[in-house]
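Q: I would like a close look at one part of this model, taken slowly and with the cut-offs stated. Please work from the structure shown here.

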Amino acid sequence: MASSTRRFKTGRTVSALLLREMQSTYGRSSLGYLWAIAEPVAGILLLTFVFSLAFRSPPMGNSFAFFYASGFLPFAAYLAISQKVSQSIRFSKPLLFYPGVTYVDAILARFLLNAMTQFMVFALVVWLIVVSLGIEAIFDYPAIGVALLMSAVLALGVGTLNCFLTEMFPSWDRIWAILNRPLFIISAIFFLFESVPAQFRDWLWFNPIVHVVGKMRQGFFPTYEGAYVSPLYVFAVGTITLLIGLFLLARYHRDLTNN
């Protein structure tokens with residue numbers, strides 16, 4: 001009875017935080033959700049324009065936009081979710097002094113809202129590309145679902161760990177932003193993993209986003225083998241970083257909220 005009551009209170013708290021997050025993030029302007037869609041569309045259009053000037057055809061398929069969407073959208077989803085989760089305590093710090101609100105509630109609310117938002121953006125942008133360009137796509141929906149789940153789990157883990165590091169070390173968010181700058185280039189967004197020379201490919205394999213992008217490409221292009229893709233590796237990285245982040249937050253959350 002006590003555990004069910006606790007779960008009910010947690011669910012109610014997360015729901016309230018989720019509604020607050022939705023109002024503060026997307027409710028201040030009529031362009032809130034529209035901007036969430038326009039941003040990835042603009043990124044894909046820019047990639048399409050730049051690389052169509054240099055190459056006659058994309059590395060796979062016949063559409064530059066469709067190919068880059070398969071890499072850019074899961075990358076953008078990971079980046080957006082992890083950044084939002086990393087700011088959970090900072091965003092909800094005044095509410096954490098209430099006994100019914102915990103740092104886990106704050107993280108869970110931000111994760112759920114932004115994961116749902118990114119999944120919705122993904123579906124809308126892909127639909128717009130397919131319809132506007134008249135692409136006759138054959139999707140592998142289970143592969144796409146696994147790729148989105150990989151992106152979400154990795155974002156939750158990295159975001160939770162960064163949630164602690166950002167609060168413990170105020171300069172960490174700037175350091176992390178600098179470390180992330182090459183990520184767009186080395187995540188196989190605008191090239192195929194197999195096209196990388198073998199000596200660099202072995203190192204590139206350890207970038208978990210490469211596996212997320214590869215799995216998504218299996219969903220967009222059923223003939224793409226992507227033998228290097230390891231969902232287990234991505235889920236392991238996401239789970240380990242999540243557990244480390246939760247452990248550190250459990251140990252130091254009182255100090256963080258009192259700062």
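By its relative accessibility, does Leu46 count as buried or exposed? Please go on to the aromatic rings: which residues do ring pairs link into a cluster?

A: This is a predicted model, in which local features need pLDDT of at least 70 and side-chain atom pairs count only at pLDDT 80 or more, while totals for chains, interfaces and linings use all residues. Residues are numbered from 1 along each chain as its sequence is written, and side-chain values use heavy atoms, with hydrogens and water left out.

Leu46 counts as exposed because its relative accessibility is 55% (exposed is over 50%, buried under 20% and partly exposed in between, with a 1.4 Å probe and protein chains only). Leu46 belongs to helix α2, residues 32-54 (helices are DSSP runs of H or I, at least four residues, numbered from the N terminus).

Turning to the rings, the cluster linked by ring pairs is made up of Phe64, Phe66, Phe67, Tyr68, Phe122, Phe139, Tyr141, Phe220 and Phe221. The whole structure holds 18 aromatic pairs (rings of Phe, Tyr and Trp, the last by its six-membered ring, with centres within 6.5 Å; planes under 30 degrees apart are stacked, over 60 edge-to-face and the rest tilted). Phe139 and Phe220 form an edge-to-face pair, because their planes stand at 80 degrees, with the ring centres 5.4 Å apart. This pair links distant parts of the chain, since Phe139 lies in the loop between α5 (103-133) and α6 whereas Phe220 lies in helix α9 (residues 208-220), 81 residues apart. Phe220 has a relative accessibility of 2% and therefore counts as buried.

Trp205 and Tyr233 make a tilted aromatic pair, 4.7 Å from centre to centre and with 35 degrees between the planes. Here too distant parts of the chain are linked: Trp205 is in the loop between α8 (198-204) and α9, and Tyr233, 28 residues apart from it, is in helix α10 (residues 231-258). With 26% relative accessibility, Trp205 counts as partly exposed.

The charged end of Arg217 sits over the ring of Phe67, 4.0 Å from its centre (NZ of Lys or CZ of Arg within 6 Å of the ring centre and within 35 degrees of the ring normal), and Arg251 lies over the face of Tyr252 at 4.7 Å from the ring centre.

Definitions and conventions. Helix = DSSP H or I, 4+ residues; strand = E, 2+ residues; numbered from the N terminus.
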